[in-house]
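Q: Could you take me through the reading of a structure, from overall charge and fold down to a single side chain?

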Amino acid sequence: MALKMRYLELNRKVRDVRMLAIQGIAEAGSGHPGASFSAAEIMGALYFHKMKHRSSDPLWEGRDFFINSKAHSAPGFYAVLATAGYIDTKEVKTLRKLGSRLQGHPVRYSERQKNHSFPGIEYSGGSEGIGLSVAIGIALAKKRDGKKNRVYTLIGDGESNEGQIWEAAMAASKFKLDNLVAILDRNKIQQDGFTEEIMPLDPVRDKWTAFNWNVVEVNGHKIEQIIDALSRIEKVEDKPSIIIAKTTKGKGIKHMANSPQWHGKAPPKKHVPILLEELQSEILIAPSIIAGEPENYEEKVRRAERAGADLIHLDIMDGKFVPSTSFFADTIKHLRKISSIPFDAHLMIEKPIRHVEEYIDAGCDILTVHVEACNEAEFAEINKMLLKAGISPGIAINPGTQFPSWLIGHLNNIDVMIIMSVNPGFAGQKFIPDTLDKMAEIVKTLRSNNYKGFIEADGGIDATTLQQVFDAGARIMVAGNAVYGSPDINSNIIQLRHKANVAIETKLLELATINDMRSDWIKSRKNMLIPLAKELGIEEDLHAIK
Ligand code: DX5
Ligand code: ZN
């Protein structure tokens with residue numbers, strides 16, 4: 001099912017949420033990074049895509065309601081509301097300050113509370129276990145009034161120790177509240193440890209099913225899976241629904257990930273520039289499917305998805321723009337039925353403007369045309385069609401093509417730029433080293449023009465070239481031969497991820513060294529750096545820290 005979610009923009013907004021939240025927490029010297037990060041995609045999917053709401057009219061009658069029962073995720077929640085336009089993003093830095101509207105736990109907005117809250121906050125959280133009951137009250141009232149508003153509530157798995165949650169669960173199914181959706185941030189950690197050690201919740205799916213709820217399980221960091229589930233749930237009748245979102249507490253900052261100690265602790269302020277760099281350095285792996293045996297395409301998608309790929313890069317070739325011919329929209333339409341993984345379509349065809357509709361209809365999430373195959377007017381038209389359809393627009397540039405200045409005027413509407421590192425038309429070609437300087441040059445131009453989108457590297461990307469294009473600015477790595485060139489796709493992707501990890505850690509170390517906090521940084525990140533010590537050349541540093 002095509003989700004029409006402008007995937008890359010959503011992805012970028014969720015990244016911005018993490019960046020805002022960590023700045024607020026560091027500035028306050030306290031707060032909850034763990035929960036803010038584990039629930040970032042969940043809250044992003046709701047506010048940036050699914051929920052009907054208006055930041056210009058927070059109390060609009062027709063709005064959907066979000067009850068954040070997992071209130072300690074406040075820094076992330078405020079960052080989502082700021083990114084959605086309810087407050088200025090700068091205000092997130094006043095988190096927990098005396099007189100700030102952004103208190104440690106959100107306060108429901110009212111005229112009386114206007115100094116401690118802001119319009120858009122529907123619920124005062126703090127002591128947990130209560131939000132689901134409030135959500136049920138709103139859902140029941142709206143249902144009885146014949147209103148179409150939907151009610152969403154975020155609950156925690158530690159919070160699920162509370163008996164009130166289960167009383168509420170019974171009530172919701174009694175009243176057949178099919179306008180109510182609970183989302184469980186299943187990160188398996190609560191304040192003082194791991195949930196399954198403190199109060200085992202599993203089999204959590206069976207529990208909610210037994211309480212007569214419609215239950216869906218997703219990877220809580222794959223925004224496409226959350227959105228897919230939210231769309232399917234809308235068709236469920238006479239039953240409330242719960243999405244069990246498998247998440248990682250602290251996801252986004254490696255030394256905070258899956259660690260109870262980062263439940264309610266702030267990082268040192270001096271680390272913020274490095275943490276922000278880490279959040280902007282997330283690498284997306286996109287295995288490329290190009291010409292070959294059509295009967296294998298499905299298997300290639302499934303295996304890449306199982307191996308943890310972030311996107312599937314689909315190379316469409318017409319035999320005119322490039323010598324080869326591959327597959328077209330009908331094949332993509334078929335593949336769309338078997339997976340919700342985002343499809344990154346690379347159109348190496350002449351006159352793409354004549355074919356864009358077909359690829360929109362086929363269910364692509366990202367659609368890139370070549371700058372050599374369209375003029376500015378055609379590109380503007382294509383761009384408009386894609387944005388209207390909720391698809392992330394992209395532009396690709398061949399090795400021999402100079403960056404056309406007319407693109408500058410369209411940067412706000414371009415979510416990805418492919419800087420080709422081979423001449424298009426075949427997989428398995430040798431990486432052209434000269435394209436590195438060109439990529440770095442283009443990245444400089446883009447940054448100086450406030451480009452917010454992604455840079456994608458395509459052609460000859462493997463374990464030997466990935467770090468170079470990462471350093472030049474690429475964050476989406478297309479890999480054909482490096483993934484499908486040998487049978488063990490799983491370990492091929494794991495190896496690319498490993499190289500991506502080394503590239504990121506090298507960059508963060510450089511930054512820590514430049515800012516004169518190398519040993520302090522290595523100390524704060526020791527556990528996850530030890531396995532990389534040799535590749536990062538930090539054995540002595542680690543030894544000195546002991
Ligand atoms: C080439 C395509 C690439 C290619 C990548 O025209 O755009 O996506 O399939 O394959 P490798 O990684 O093998 O160069
Ligand atoms: Zn490609």
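**Charge, fold and one lysine**

A: In this predicted model, the protein has 69 positive and 69 negative side chains, with the centres of the two sets 5 Å apart; Lys and Arg count as positive and Asp and Glu as negative, without His and the chain ends, and each charge is placed at NZ of Lys, CZ of Arg, CG of Asp or CD of Glu. Local features need pLDDT of at least 70, side-chain atom pairs count only at pLDDT 80 or more, and totals for chains, interfaces and linings use all residues. Side-chain values use heavy atoms, leaving out hydrogens and water, and residues are numbered from 1 along each chain as its sequence is written.

Q: How many helices and strands does the protein have?

A: Helices (H or I, at least four residues) and strands (E, at least two) are DSSP runs, numbered from the N terminus, and here there are 22 helices and 15 strands. The radius of gyration, taken over C-alpha atoms, is 24 Å, close to the 24 Å of the globule rule for 546 residues, so the protein is as compact as a globular protein of that length; that rule is 2.2 Å times the number of residues to the power 0.38.

Q: Is lysine 142 buried or exposed?

A: Buried means under 20% relative accessible area, exposed over 50%, and partly exposed in between (1.4 Å probe, protein chains only). Lysine 142, found in helix H5 (residues 131–144), is buried yet has no salt bridge, a side-chain nitrogen of Lys or Arg within 4 Å of a carboxyl oxygen of Asp or Glu; glutamate 61, the nearest side chain of opposite charge, is 4.7 Å away.

Definitions and conventions:
Chains are lettered from A and ligands numbered from 1 in the order in which they are written.
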